[in-house]
Amino acid sequence: MAYPNRHEHRYHFRDRPFRAPCTSVKPKCPGSPREVRFRSRPVRRDKIAPMALGSSDGSPNILPEAPRFPDRPDLTSGDVHVVRICLDVPIAGATQLLDDDERRRASRFVFERDRRRFTIAHAWVRILLGRCLAQTPESLRFVVGPYGKPAVAEAPIDLRFNLSHAGERAFVALALGRDVGVDIDEERPLDVLELANRFFAPAESAALRGMPPSEQTRAFFRCWTRKEAFIKALRLGLSFPLRQFEVSMTDDDSAQLLRSCSAAPNMLGCWQIAQLASESGHAAALAATAGNWRVVRWETPRWPPSATRRAEPSDGLLAIADR
Ligand SMILES: CC(C)(COP(=O)(O)OP(=O)(O)OC[C@H]1O[C@@H](n2cnc3c(N)ncnc32)[C@H](O)[C@@H]1OP(=O)(O)O)[C@@H](O)C(=O)NCCC(=O)NCCS
């Protein structure tokens with residue numbers, strides 16, 4: 001009931017084209033967000049397979065491991081916390097963490113794989129929020145905004161979050177008193193020029209056309225995820241016209257909002273966008289209200305607690321799964 005026609009929306013939007021630009025406009029944000037990783041652990045070579053995907057040029061692309069999200073996170077610095085989730089790592093008892101509405105939504109998926117991804121993603125959202133709020137995951141209740149963005153109901157602190165999932169990966173962004181939007185997408189062959197023509201701002205579309213064909217698909221998804229992160233931070237989703245604002249397209253850390261539209265002319269200094277590191281074949285971005293915040297990266301376990309690896313307390317989920 002809380003999510004009328006959401007699946008129809010998703011499949012419809014996923015089939016749409018997207019695309020991007022590049023202009024000489026300089027960043028307007030007060031200090032572009034820095035991305036930090038805390039206490040990165042050494043990566044065990046026998047364990048990196050799920051993330052050690054080849055890059056498009058054939059070279060290995062191993063995403064550095066980020067630490068596990070703490071049991072009692074400190075969000076008071078004002079930073080934006082981004083947790084990357086491996087949806088192919090099971091959580092025992094995940095379904096029991098969800099509420100009736102989430103279980104109903106999960107049951108509507110035709111394929112078990114999609115049901116499992118949805119269930120794991122929502123279980124993780126509850127676990128992460130529960131840690132921030134010192135509440136049990138299953139006790140959390142959500143309210144859904146007019147355009148579908150969920151928020152924690154009756155939260156004791158002003159904790160805001162956003163979820164995005166694509167294939168076996170998801171990102172959750174969390175921040176105190178700051179609107180956040182996150183988006184991840186799998187790069188795949190599409191008619192990106194046509195999509196850009198329809199959905200990107202004219203300058204974004206032109207910039208994409210000006211790129212070498214071999215770079216266009218990646219640039220398209222880079223731009224698309226930045227734009228989606230932004231409209232998700234605004235809480236408006238795809239009801240906000242994608243053609244009426246521009247983001248940068250370059251493949252570096254200078255993700256930014258370049259120009260906003262007549263419908264919302266004063267947004268430039270108010271929002272910051274950051275590109276998120278993701279493994280080869282994915283693009284991801286974060287948007288949040290402007291400020292001197294950093295992206296603080298975390299991740300969930302990359303592989304199941306199998307015989308090859310001893311469970312560690314910081315794996316967190318294991319404790320929940322075992323209850
Ligand atoms: C939000 C939206 C941009 C996400 O598209 P997507 O790339 O297919 O999906 P993502 O995985 O990145 O994000 C989905 C998550 O974003 C969140 N979300 C939903 N609506 C949102 C909104 N308006 N703003 C921000 N986040 C939103 C939800 O947590 C959702 O997860 P769930 O479907 O598992 O519950 C798109 O679905 C949209 O615009 N929906 C709006 C639909 C609408 O207007 N509904 C009104 C009646 S409910």
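In the predicted model, strand S12 and strand S13, the latter formed by residues 282-289, pair in the antiparallel sense over 5 bridges. Within this pairing, Gln272 has Ala288 of S13 as its bridge partner. The two strands belong to an open sheet of 3 strands, in which the order is S9-S13-S12 and the pairing is antiparallel. Strand S9 (180-186) and strand S12 (271-275) form the edges of this sheet, each of them pairing on one side only. On average, and with direction ignored, neighbouring strands of the sheet are turned by 15 degrees against each other.

Helix H7, which comprises residues 213-233, lies across S9, S12 and S13 and runs at about 150 degrees to S9. The C-alpha atoms at the ends of H7 are 31 Å apart, which agrees with the span of 30 Å that its 21 residues should have at 1.5 Å a residue. The helix is mostly covered, with 15 of its 21 residues buried. H7 is followed by Arg235, for which phi is positive, near 75 degrees.

Ala290 counts as partly exposed because it has 18 C-beta neighbours inside 10 Å, whereas a buried residue would require 20 or more. Although Ala290 and Met267 are 23 residues apart in sequence, their C-alpha atoms are 9.8 Å apart in space.

Key: Residues are numbered from 1 along each chain as its sequence is written. This is a predicted model: local features need pLDDT of at least 70, side-chain atom pairs count only at pLDDT 80 or more; totals for chains, interfaces and linings use all residues. Two strands pair if DSSP finds at least two bridges between them. Helices (H or I, at least four residues) and strands (E, at least two) are DSSP runs, numbered from the N terminus. Axes are lines fitted to C-alpha atoms, for helices over the stretch in contact, and angles run from 0 to 180 degrees between N-to-C directions. Two residues are in contact if their C-beta atoms, placed from the backbone, lie within 7 Å. The expected span of a helix is 1.5 Å times one less than its number of residues. A residue is buried if 20 or more other C-beta atoms lie within 10 Å of its own, exposed if 12 or fewer, and partly exposed in between; C-beta atoms are placed from the backbone.
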